Amino acid sequence: QVQLVESGGGLVQAGGSLRLSCVVSGRTFSTYTMGWYRQAPGKEREFVAAISRSGGSTYYADSVKGRFTISRDKAKNTVYLQMNSLKPEDTAVYYCNADGGPLATPRNYWGQGTQVTVSS
């Protein structure tokens, strides 16, 4: 069983920055595509960013392109989301996601979430 633990959320003013971290347990980190999702109050969970197993490819929602950067550190079993130029509409609970794994049947895991609040 893989566990994901997010950290780095908090309260920040519009225009500010935060860096989220997600530590993945175990030794199979490099076999998962990692992603960040968010859910604002009263809204559905939405995709924010993803990074391939090797880290060579990244994907972003249009709403965060140019402001957010996803990266991964294999040595630390950690995926990051650097968030710059934050806007009040970025306020949400941010969730880390791991998709894939070493087995023939892909697995999908979620972290517990970390709150990001952007004040205007």
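This is a predicted model: local features need pLDDT of at least 70, side-chain atom pairs count only at pLDDT 80 or more; totals for chains, interfaces and linings use all residues.

User: Where is S21 found, then?

Analyst: S21 is found in strand β3.

User: And is S21 buried or exposed?

Analyst: S21 counts as buried, because its relative accessibility is 15% and buried means under 20%.

User: Which strand does β3 pair with?

Analyst: β3, residues 18-24, pairs with β8 in the antiparallel sense, over six bridges. As one example of who faces whom, R19 stands opposite Q82 in β8.

User: OK, what about β8 itself, how many of its residues are buried?

Analyst: Strand β8 covers residues 78-83, and five of the six are buried, so the rest of the structure largely encloses β8.

User: What does β7 do with β8?

Analyst: β7, residues 68-73, pairs with β8 over six bridges, in the antiparallel sense. There, D73 stands opposite T78 in β8. β7 and β8 form a hairpin with four residues between the strands.

User: Which other residue has a positive phi although it is not a glycine?

Analyst: S85 does, with a phi of about 50°. S85 is found in the loop between β8 and β9. S85 is partly exposed, at 42% relative accessible area.

User: Switching topics: how many disulfides does the structure hold?

Analyst: The structure holds one disulfide. That bond joins C22 to C96, with an S to S distance of 2.1 Å. The pair links distant parts of the chain, since C22 is in strand β3 and C96 is in strand β9 (residues 92-100), 74 residues apart.

User: Are those cysteines buried or exposed?

Analyst: C22 is buried, with 0% relative accessible area, and C96 is buried with 0% as well.

User: Last one: why is the disulfide called left-handed?

Analyst: The torsion about the S-S bond of C22 and C96 is about -85°, so the disulfide is left-handed.

User: And where do side chains point in a strand, in general?

Analyst: In a regular strand, side chains alternate between the two faces of the sheet.

Notes: Residues are numbered from 1 along each chain as its sequence is written. Side-chain values use heavy atoms; hydrogens and water are left out. Buried means under 20% relative accessible area, exposed over 50%, partly exposed in between (1.4 Å probe, protein chains only). Helices (H or I, at least four residues) and strands (E, at least two) are DSSP runs, numbered from the N terminus. Two strands pair if DSSP finds at least two bridges between them. A disulfide is a pair of cysteine sulfur atoms within 2.5 Å.
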